Amino acid sequence: MKLQRLTTATITLLCAGCAGPQSALSPAGVEAERIASLFWWMTAGAGIVWIGVMMLALFAAKERGRGERSRGGRWIIVGGAATPAVVLAVLLLFGLAMLPDLLAVPPKDTMRIHVTAEQWWWRFRYEIPGRIPFETANELRLPVGEPVEFLLHSTNVIHSFWIPSLGGKMDAIPGRVNRLVLHPTMTGTFLGTCAEYCGVGHGKMAMQAIVVPKDAFAPWVDTMQGAVRP
Amino acid sequence: MTEDIQPLAEAASEEVRQGQEARLMKAWQQPTGWRYWSEVNNSIVGLWYTALVFIFLLFGGLLALMMRIQLAIPGNTFLSPNLYSQVFTMHGSVMMFLFAIPIFEAVSILFLPQMMGARELPFPRLSAFGFWAFLIGGMFLCGSIFFNAGPTGGWFMYPPLTSRYQPGIGADMWLLGFSFIEVSAIAAAVELIVGVLKCRPPGMRIHLIPLYAWYVLVAAGMILFAFPPLITGSMLLELERAFNWPFFDAARGGDPLLWQHLFWLFGHPEVYIAFLPSVALVAMIVPAFARTPIAGYKWIVLSAIGTGFLSFGLWVHHMFTTGLPGVTLALFSAASQSVAIPTGVQIFCFIATVYVGRLRSSVPMLYVAGGLATFVIGGLTGVMVAVASFNFQAHDTHFVVAHLHSVLIGGTIFPVIAAAYYFFPLINGKLLSERLGRIAFWLLFCGFNITFLPMHFTGLRGMARRVYTYPAGIGLEGLNLTSSIGALILAAGFGVLLWDILRPKGKDADSPRNPWEAGSLEWLQEMPGKPWGIRSIPEIDSRYPLWEQPNFVRDVDEGRFFMPDAEEGKREMLVTSIIDAKPEQCLRIPGPSFITLISAIFLGGVFIFPTFKMYWSMAVSGAIALGCILYWLWEGSGLIPEKEEKAIGHGVTVPLYVSGPSSVGWWAMMITMLADLTAFVSIVFGYFFYWTLHKDFPPASIAGPGWIWPVAGLMASLAAWALTLLARGWNRKEKAGWFYAGMGSAVVLAVFGIYALVAGPSQAAMNPEENVYPAMVWLLAIWAAVHVAAGIIMQLYCVARRYAGRMTARYDIDIANVTLYWHFVAITVAGCVAVMAGFPLLR
């Protein structure tokens with residue numbers, strides 16, 4: 001975990017051009033951090049492989065009239081089959097190891113927000129135990145450092161709920177309810193967007209997640225309660 | 001035994017050879033004037049096809065340029081949101097359906113026979129028909145955007161957006177228009193498979209086939225199994241749009257995810273069908289410039305087959321964010337990563353070939369190198385998106401756009417351009433320009449990288465796909481502007497390329513024969529080529545006959561091998577056995593005919609009229625199309641020859657007429673029916689998909705078709721099948737009376753079978769609009785019934801052929817192929833009844 005945080009922080013600093021309120025490369029949540037770290041490791045690996053293959057090709061192209069077929073054969077086996085197999089196996093292990101946490105069912109007392117994707121806006125319904133449910137449109141307010149469970153649904157076409165700085169995306173599909181869990185780790189305003197083509201309004205179906213300190217969240221819920229007439 | 005055949009020790013006299021050439025010229029002559037368009041010769045049809053594919057490539061490219069102009073700055077108003085949707089839908093669809101697959105088929109039609117020392121493909125009129133269908137379908141689809149009526153669902157057309165939220169004809173055009181194109185693509189695939197398996201020169205055993213032919217086999221085989229799921233899915237979606245059958249409507253038991261499965265079962269193999277033939281071109285080009293045979297031939301063949309196979313097990317990686325369980329994600333993630341291994345082996349074989357040989361610099365090799373550099377980037381980002389956890393961020397963003405263009409431009413377009421420079425002399429005997437080729441290359445290579453490298457970051461910085469604009473101030477402006485400038489450079493590169501291809505070359509020197517000093521058979525061609533293709537069909541002992549067989553070119557030119565003549569003035573080619581390429585038949589193939597164009601027009605009507613809901617016109621057009629096809633078969637296929645056998649040289653005689661498993665027609669029927677069966681299996685997949693995922697399938701309140709009528713339908717259909725089989729035997733034994741009685745009864749039973757199959761859902765008053773369960777049952781019943789109906793037409797055709805004396809006990813190809821068809825009908829009807837009537841009984 002610490003290594004991941006360090007990696008992402010270093011690289012984000014180096015690559016200040018990657019920062020942004022809607023950027024998977026400037027993570028502000030647990031899931032986004034893990035995935036960003038994975039991305040940088042994979043990019044470094046990909047860069048090494050690409051340079052290696054290009055150098056191999058350039059070396060092979062230098063005319064020398066070798067004509068020895070057996071050496072060529074060994075290259076094929078080692079280069080083409082064995083090395084990728086090993087590298088991919090390692091990558092698979094690391095990549096898959098991340099999956100259970102990303103897909104895990106959160107504890108029962110996690111705050112739950114029902115997301116209904118409309119054409120072309122986001123309806124958020126907060127169901128907090130002991131409070132009256134209330135809705136917001138296109139704007140989320142979340143407490144920092146707490147997991148949130150989003151239950152995604154659509155009554156019209158398929159949409160996809162994506163706040164890159166906080167984590168990966170999940171589709172909202174008519175006829176099913178999908179779950180996405182996010183853990184914001186920094187305060188601030190993070191932008192999100194629909195990520196599944198849903199008609200002409202798709203490009204403008206934006207949302208924002210305002211992550212506030214924990215002690216600012218409860219008062220906000222209170223004001224929203226005041227807005228809901230029972 | 002052909003292993004012992006040597007070319008003639010002495011050529012025939014000059015006079016004899018001139019006589020041979022005069023007769024060959026007469027048989028293979030192209031018609032002039034407006035009749036030129038009735039030609040079916042692969043060299044001509046292949047040329048039209050390739051030219052049209054390039055036109056569609058340019059059209060798709062223009063659409064892309066329009067998109068990049070719109071995205072150059074945020075909030076741009078160059079394209080309205082609706083027009084932008086049409087543009088990105090058409091860009092993707094044109095590139096995938098009108099370029100990526102057809103370029104493979106066009107180039108294969110053009111060059112595959114030459115690579116295999118053959119004069120033609122086995123079904124020339126089918127190739128011509130495929131071209132006309134492609135022209136009609138392609139113009140129909142591309143024309144739509146000019147009327148602001150283009151499809152707007154994306155190239156992937158996900159419901160419910162496309163089923164219930166897009167009134168108008170755009171989506172219907174996509175579904176029907178591209179289904180028409182897909183059918184013609186399957187027809188071309190069937191012909192290419194039969195061509196590779198059966199139409200080789202003697203001695204070209206299976207391990208001596210040029211690598212291009214192996215890839216054709218793999219890619220065409222993939223088409224057979226990948227296109228049918230899409231055709232089935234398109235049928236379901238069009239049924240929902242036109243008749244309200246709720247396959248994708250969750251409220252009535254349907255499921256939008258079924259479309260995604262069917263589409264990606266097609267969509268993932270599709271990109272390998274696009275990629276593998278281009279690798280095949282590289283496999284033909286690299287040995288020529290490395291001046292050495294390909295290294296690792298067996299490895300490449302195994303990898304190509306392995307890639308083809310594996311590609312059918314990856315499709316779910318397009319659906320990682322749809323809420324699937326972790327186990328599924330892990331499995332498909334692993335499979336998706338693993339496909340990099342056989343892909344890598346092929347690339348390393350090319351590098352090894354270069355290592356072993358002595359590489360010459362040339363324009364084709366420049367494009368091969370650029371393609372390799374680009375493709376490897378795409379392959380690496382592909383492995384990245386295959387990792388499910390990373391996919392959650394990258395999916396449906398411009399990161400994927402960067403990935404897919406890297407693999408497609410690097411892996412398909414650059415090799416195709418390399419092939420254009422390499423094979424151009426075979427088209428008209430001239431060479432393309434070295435200088436222009438290099439200029440175009442650098443423009444394309446730099447343009448590509450400037451456009452797409454930044455997109456990796458555009459995507460991860462929050463820009464989704466298929467958006468007509470993006471918010472300002474979040475860091476996307478610079479990246480998008482850079483990409484758009486790169487697109488202009490890319491366009492300039494294509495412009496230079498286009499100029500090089502189109503510029504007048506009358507004053508250019510002719511290309512020397514075999515300008516690249518390659519070793520494979522297509523380079524036997526004289527410059528410019530003769531209409532009959534190869535002068536005599538050679539005996540092959542090696543993979544690179546021009547390098548390794550002594551006096552090879554001279555022997556072919558002087559007619560010292562097989563079939564140097566056209567004694568009866570007919571177009572002829574040699575059919576050989578599948579594994580050992582022993583001569584089996586001298587196949588007479590048809591010459592020019594307009595029936596191909598006319599059939600394509602009326603079959604096109606069957607797909608175009610329903611777009612506008614003109615169902616009566618569709619029926620009439622279909623009836624005429626059927627008439628055209630029957631005329632085509634009657635007049636031009638299974639013709640009884642004037643003699644039983646023909647001498648093809650070197651003391652070898654072969655029959656002129658073959659029926660049954662050695663004949664090309666039988667193989668064509670077999671292969672076509674495998675594709676058809678795959679479409680049926682896709683429907684059954686749909687049935688069990690609903691049953692697996694939805695608790696109330698079938699819903700308790702809706703009655704099924706029961707078992708009585710379906711089983712009656714099955715019994716009647718099986719009886720019809722059995723009688724057809726017996727009738728084949730009776731025909732062979734000259735028992736005419738039994739033949740007619742048997743076929744007549746088979747027809748009657750088949751008619752009853754249709755009635756009974758449809759009576760199942762009909763008598764149970766199943767309403768297909770009410771819920772997906774009755775819709776599925778009706779679909780199964782109608783699918784089976786339609787197949788039986790086609791079988792009846794075929795049975796009646798056989799009766800007519802026998803009556804008219806065009807089919808006899810010895811010359812019975814008609815009923816041999818019809819019986820084969822009926823085997824598949826039996827399987828289909830049995831499957832249909834098992835699912836709709838048998839399965840409910842099990843539960």
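Which residues have the most contacts inside the largest nonpolar core? They are A:Phe150, A:Phe161, B:Phe247 and B:Phe390, in a core of 356 residues. This is a predicted model, in which local features need pLDDT of at least 70 and side-chain atom pairs count only at pLDDT 80 or more, while totals for chains, interfaces and linings use all residues. Residues are numbered from 1 along each chain as its sequence is written, chains are lettered from A and ligands numbered from 1 in the order in which they are written, and side-chain values use heavy atoms, with hydrogens and water left out.

**The nonpolar core**

- A nonpolar core is a set of buried Ala, Val, Leu, Ile, Met, Phe, Trp, Tyr and Cys residues joined through side-chain atoms within 4.5 Å; buried means under 20% relative accessible area, exposed means over 50%, and partly exposed lies in between, with a 1.4 Å probe and protein chains only.
- In soluble globular proteins, nonpolar side chains tend to be buried together.
- When neighbours within four places in sequence are left aside, the residues in contact (heavy atoms within 4.5 Å) with B:Phe247 include B:Leu236, B:Leu239, B:Glu240, B:Tyr690, B:Val772 and B:Met776.

**Salt bridges**

- Counted over all chains, there are 44 salt bridges, each being a side-chain nitrogen of Lys or Arg within 4 Å of a carboxyl oxygen of Asp or Glu.
- B:Glu240, one of the residues in contact with B:Phe247, also forms a salt bridge with B:Arg164, at 2.9 Å from N to O.
- This pair links distant parts of the chain, 76 residues apart, since B:Glu240 belongs to helix α7 (residues 211-243) of chain B and B:Arg164 to helix α5 (residues 161-164) of chain B.
- B:Glu240 counts as buried at 2% relative accessibility, whereas B:Arg164 counts as partly exposed at 37%.
- In another salt bridge, the closest N and O atoms of B:Arg588 and B:Glu568 are 3.2 Å apart.
- B:Arg588 is in strand β2 (residues 583-588) of chain B and B:Glu568 is in the loop between α18 (552-557) and β1 (572-576) of chain B, so the pair ties together parts 20 residues apart in sequence.
- Both B:Arg588 and B:Glu568 belong to a network of salt bridges that also links B:Glu567, B:Glu572, B:Glu642, B:Lys643 and B:Lys646.
- B:Glu635 and B:Arg806 form a salt bridge whose closest N and O atoms are 3.9 Å apart.
- Because B:Glu635 lies in helix α20 (residues 615-636) of chain B and B:Arg806 in the loop between α24 (772-803) and α25 (813-842) of chain B, this pair ties together parts that are 171 residues apart in sequence.

**Backbone features**

- The peptide bond between B:Met527 and B:Pro528 is cis, with omega about -10°, and B:Pro528 is placed in the loop between α16 (477-502) and α17 (545-548) of chain B.
- Another cis peptide bond runs from B:Phe697 to B:Pro698, with omega near -5°.
- B:Asp396, a residue other than glycine, has a positive phi near 60°, and B:Asp396 counts as buried at 3% relative accessibility.
- B:Asn551 likewise has a positive phi near 60°, but B:Asn551 counts as partly exposed at 47% relative accessibility.

How values were computed: Helix = DSSP H or I, 4+ residues; strand = E, 2+ residues; numbered from the N terminus.
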